[in-house]
Amino acid sequence: MSSLRLATRGSQLAMAQSDIAADALRAADPALEVEYVLVRSEGDIDRTSPLHQIGGRGVFVRAVEQALLDGRADIAMHSLKDVPTAPVEGLMLAAILTRGDPRDVLVASGGRRLAELPSGARVGTGSVRRRLLLHALRPDLDVVEIRGNVDTRISKVAGGEYDAVVIAAAGLDRLGRLGEATQVFEALEFLPSPGQGAIAVQCREDDADTVERLLAVDDAGTRAAVEAERGFLAELGAGCTRPVGAYAQIDGSLVALRAMLGDDAGEHARFGDATGPSADGDDLGRGLARQLLAPPPTNGAP
């Protein structure tokens, strides 16, 4: 009987997502045993600082990757939206599982939708992207920083500390709590984070047997879509802390990408769309990023 050691954070959501990855691998090989190697990330240790101040996307990833590099684990599970686009020497994202719901949801007291919240209502989010999108829809809201796991965030709504929070639909669904959402935002209007809803499984590049095992559970359609989204993000540079959203859809051999780039103040954004061959998603995303990074044309420009 073969076995794999899977590195994961120990949060309830991380464990639920690791179960999804392990189940997919066992479905491909019923004789496989999967052992969890629990890791604490910087984001788990520092639960108070805003994410963009303590490392942004990589804050939940680096310690888990280190377990692979140290040989303590054979594979690692990540929420793809948390994974930086810069490659890590010696590691590869060998499998991207079939994507869950990419959208964001509102969880509000009294079962209210966004339009029903009173002026000045406190809405919690730890994302500069969600903050910008919320202000665009309801500039009269008090959008405030919040950290913690899904249960902590929702409990702060139930306890009256916040009127609402915005969180990822996939996370809520994987915890069996999607019914607590009071509104689901459409992905093309409230653009998700690149890769949101997708689970990535990482391994060492030189571990040929594990690479082959992971390729068996890789979802081609999901990979094509998220490559376009992550290509957009990669072109912006590793140090980008501006609000970024991207969502790609596959239609046959084509990928359609819509993306958003906010300004440094997080107050205004430019949106763009691009369509091209799904095999060229990374290039498509990068091209759209260059388009949104370019200065807007002046009045009277051709």
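Where is V217 found? V217 sits in the loop between α8 (208-215) and α9 (220-236). The model is a predicted one.

**V217 and its surroundings**

- V217 has a relative accessible area of 13%, and it counts as buried because this value is under the 20% cut-off.
- Leaving aside neighbours within four places in sequence, the residues in contact with V217 are A24, L25, A28, A95, I96 and L97.
- One of these contacts, L25, is 192 residues away from V217 along the chain, yet the C-alpha atoms of the two are separated by 6.7 Å.

**Salt bridge D140–R138**

- Side chains of opposite charge can pair when their charged atoms come close.
- D140 forms a salt bridge with R138, and the closest N and O atoms are 2.8 Å apart.
- D140 is partly exposed, at 31% relative accessibility, whereas R138 is buried, at 12%.

**Salt bridge D151–R177**

- A salt bridge joins D151 and R177, with 3.1 Å between the closest N and O atoms.
- This pair links distant parts of the chain, 26 residues apart: D151 belongs to helix α6 (residues 150-158), and R177 to the loop between α7 (169-174) and β9 (183-184).
- D151 counts as partly exposed, with a relative accessibility of 40%.
- R177 has a relative accessibility of 18%, so R177 falls under the 20% cut-off and counts as buried.

**Salt bridge D264–R242**

- The side chains of D264 and R242 also meet in a salt bridge, at 3.7 Å from N to O.
- D264 lies in the loop between β12 (254-262) and β13 (269-277), while R242 lies in the loop between α9 and β11 (244-251); the pair therefore ties together parts that are 22 residues apart in sequence.
- D264 is exposed, because its relative accessible area of 70% is over the 50% cut-off.
- R242 is partly exposed, at 28% relative accessibility.

**A salt-bridge network**

- Which residues are linked in a network of salt bridges? E235, D282, R286 and R290 are linked in this way.
- E235 and D282 are the acidic members of this network, and R286 and R290 are the arginines.

Technical notes
Residues are numbered from 1 along each chain as its sequence is written. This is a predicted model: local features need pLDDT of at least 70, side-chain atom pairs count only at pLDDT 80 or more; totals for chains, interfaces and linings use all residues. Side-chain values use heavy atoms; hydrogens and water are left out. Helices (H or I, at least four residues) and strands (E, at least two) are DSSP runs, numbered from the N terminus. Buried means under 20% relative accessible area, exposed over 50%, partly exposed in between (1.4 Å probe, protein chains only). Contact means heavy atoms within 4.5 Å. A salt bridge is a side-chain nitrogen of Lys or Arg within 4 Å of a carboxyl oxygen of Asp or Glu.
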